[in-house]
Amino acid sequence: MYACHDAYAWDATMISDSLIGEWEWVSMVCPLLPVELYCDSLPNFTVEFISDSTLIVLQNDSLYQTASWELSETQGNYQMITNPPIYTLQGNILFCGEIVMFSLSFIDGCDDSFKRIK
């Protein structure tokens, strides 16, 4: 995932623009824990990022949560800050094709991946 993401010179504007739209959760992998979950674990869990820095989380087509979001940059890596916190959206943001990963494995956390649906 890193090699694919690193093929582009990402900045905050490019990442924000690339996030706008609707994404479906597809997996969570926790390298240091015996945890691997796939889309059947959280069926129909979607996040819609809106250009006004808000987001909507739906589960089974019902409103689950709303939040505001902004990007933060640390040592060339971008992370998302949401208010209130949304744990599946924490970590370094990595893009590869129609997949975005929120990667916390670099600090022994989990990596959550979403696929663009709109």
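**Close-up 1. Disulfides of the predicted model.** The structure contains 2 disulfides, a disulfide being a pair of cysteine sulfur atoms within 2.5 Å. Counted along the chain, the bonded cysteines follow the pattern 1-3, 2-4. This is a predicted model, in which local features need pLDDT of at least 70 and side-chain atom pairs count only at pLDDT 80 or more, while totals for chains, interfaces and linings use all residues. Residues are numbered from 1 along each chain as its sequence is written, and side-chain values use heavy atoms, with hydrogens and water left out.

**Close-up 2. The disulfide of C4 and C96.** The sulfur atoms of C4 and C96 lie 2.1 Å apart. The link of C4 and C96 is right-handed, with 90° about the S-S bond. Helices (H or I, at least four residues) and strands (E, at least two) are DSSP runs, numbered from the N terminus. C4 is partly exposed at a relative accessible area of 29%, and C96 is partly exposed at 25%. Buried means under 20% relative accessible area, exposed over 50%, and partly exposed in between (1.4 Å probe, protein chains only).

**Close-up 3. The disulfide of C30 and C110.** C30 is joined to C110 with an S to S distance of 1.9 Å. The angle about this S-S bond is 105°, and the link of C30 and C110 is right-handed. C30 sits in strand β1 (residues 21-30), and C110 in the loop between β8 (99-103) and β9 (111-116), so the pair connects parts that are 80 residues apart in sequence. Both C30 and C110 are buried.

Close-up 4. T82 is located in strand β6 (residues 77-83) and is buried, with 11% relative accessibility. Its side chain makes polar contacts (N or O atoms within 3.5 Å; within protein, one must be able to donate a hydrogen and the other to accept it, and residues adjacent in sequence count only if both atoms are side-chain atoms). The side chain of T82 reaches the backbone oxygen of P84 at 3.0 Å, and a polar atom of that side chain lies 2.9 Å from the backbone nitrogen of I86. Neighbours within four places in sequence left aside, T82 is in contact (heavy atoms within 4.5 Å) with L55, A67, S68, W69 and L89.

**Close-up 5. Aromatic pairs.** The whole structure has 5 aromatic pairs. Rings of Phe, Tyr and Trp (its six-membered ring) pair if their centres lie within 6.5 Å; planes under 30 degrees apart count as stacked, over 60 as edge-to-face and the rest as tilted. F45 and Y64 form an edge-to-face pair, 6.3 Å centre to centre with 70° between the planes. F45 lies in strand β3 (residues 45-50) and Y64 in strand β5 (residues 62-74), 19 residues apart. F45 is buried at 6% relative accessibility, whereas Y64 is exposed at 53%. F49 and W69 also form an edge-to-face pair, with 5.6 Å between centres and 80° between planes. F49 is in strand β3 and W69 in strand β5, so this pair ties together parts that are 20 residues apart in sequence. F49 is buried, with a relative accessible area of 2%, and W69 is buried at 6%.

**Close-up 6. An aromatic cluster.** W10, W23 and F95 are linked into a cluster by ring pairs.
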